[in-house]
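Subject: Structure handover

Hello,

Please find the structure below. My notes on it follow.

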Amino acid sequence: MDTKFSSAIHTLILIAESETPMNSDQIAHSVGTNASYIRKLTTRLRKAGMIEGRRGISGFHLKKQPNEITLFDVYTAVTETSQLHLFDIHQNPNDACIVGHNIRPVLGNMFRQTEEDVEEKLRKISLTDCIENMRMYINENQEKEEEMK
């Protein structure tokens, strides 16, 4: 899996938490990538109805509430697919071999079930959950740093 998914979550958290609209340059600086990559992601997020930009105002804001955006929604938006796909199976197993002849359907069923389990979990995690986890992590680390001083 590439980094579109995590970069999109990062982008959405930034947009959600910012008091002013965030533009692609600002987002790219935080994500650690270039603005053109962010523009590709934001185009997909905009098509999915999660964010919008206003004419004459530089930057994006959320179109939905963070609790209305699930991680599965984000995944399907940035991968432009309707289901999770994590695993691939090698293409040319030897049909003359008993394992080679049967490996694709066996692994295919196992992999698809695992992907369905992950899909179910991602449908239950919202952007709000990510934001709350981020805040807790920040608070815990600030407390640790203060204790070390």
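Phe111 is a reasonable place to begin: at 22% relative accessibility, this residue counts as partly exposed. Buried means under 20% relative accessible area, exposed means over 50%, and partly exposed is in between, with a 1.4 Å probe and protein chains only.

Before the rest, some notes on the source. This is a predicted model, in which local features need pLDDT of at least 70 and side-chain atom pairs count only at pLDDT 80 or more, while totals for chains, interfaces and linings use all residues. Residues are numbered from 1 along each chain as its sequence is written, and side-chain values use heavy atoms, with hydrogens and water left out.

Aromatic pairs

The structure holds 2 aromatic pairs. Rings of Phe, Tyr and Trp (its six-membered ring) pair if their centres lie within 6.5 Å; planes under 30 degrees apart count as stacked, over 60 as edge-to-face, and the rest as tilted.

One of the pairs is edge-to-face and consists of Phe5 and Tyr75, at 5.6 Å centre to centre with 85 degrees between the planes. Phe5 is in helix H1 (residues 4-17) and Tyr75 in helix H4 (residues 71-79), so the pair links distant parts of the chain, 70 residues apart. Helices here are DSSP runs (H or I, at least four residues), numbered from the N terminus. Phe5 is buried, with a relative accessible area of 14%, and Tyr75 is also counted as buried, at 4%.

Phe87 and Phe111 also pair: their ring centres are 4.7 Å apart and their planes are at 35 degrees, so this pair is tilted. Phe87 lies in the loop between H4 and helix H5 (98-124) and Phe111 in helix H5, so parts that are 24 residues apart in sequence are tied together. Phe87 is partly exposed, with a relative accessible area of 32%.

Salt bridges

A search of the whole structure finds 8 salt bridges. The criterion is a side-chain nitrogen of Lys or Arg within 4 Å of a carboxyl oxygen of Asp or Glu.

Glu80 and Arg44 meet through their side chains in one of them (3.5 Å, N to O). Because Glu80 lies in the loop between H4 and H5 and Arg44 in helix H3 (residues 35-47), this pair ties together parts that are 36 residues apart in sequence. Glu80 is exposed, with a relative accessible area of 52%, whereas Arg44 is partly exposed, at 24%. Glu80 also has a positive phi of about 55 degrees although it is not a glycine.

In helix H5, Glu115 and Arg112 are 3 residues apart, which means they are separated by about one helical turn. Their side chains meet in a salt bridge (3.0 Å, N to O). Glu115 counts as buried at 4% relative accessibility. Arg112 also forms a salt bridge with Glu119, with the closest N and O atoms 2.6 Å apart. Glu119 counts as buried at 9%. Salt bridges that share partners join Arg112, Glu115, Glu116, Glu119 and Arg123 into one network.

Surface charge

Which residues form a negative surface patch? They are Glu140, Glu143, Glu145, Glu146 and Glu147. Patches are made of residues with over 30% relative accessible area and no salt bridge, with like charges joined within 9 Å and nonpolar side chains (Val, Leu, Ile, Met, Phe, Trp, Tyr) within 5 Å. Asp and Glu count as negative. Glu147 lies in helix H6 (residues 127-148) and counts as exposed, at 65% relative accessibility.

Regards

Methods. Accessible areas come from the Shrake-Rupley method with a 1.4 Å probe; for residues, only the protein chains shown count as cover. The place of a charge is taken as NZ of Lys, CZ of Arg, CG of Asp or CD of Glu. Helices (H or I, at least four residues) and strands (E, at least two) are DSSP runs, numbered from the N terminus.
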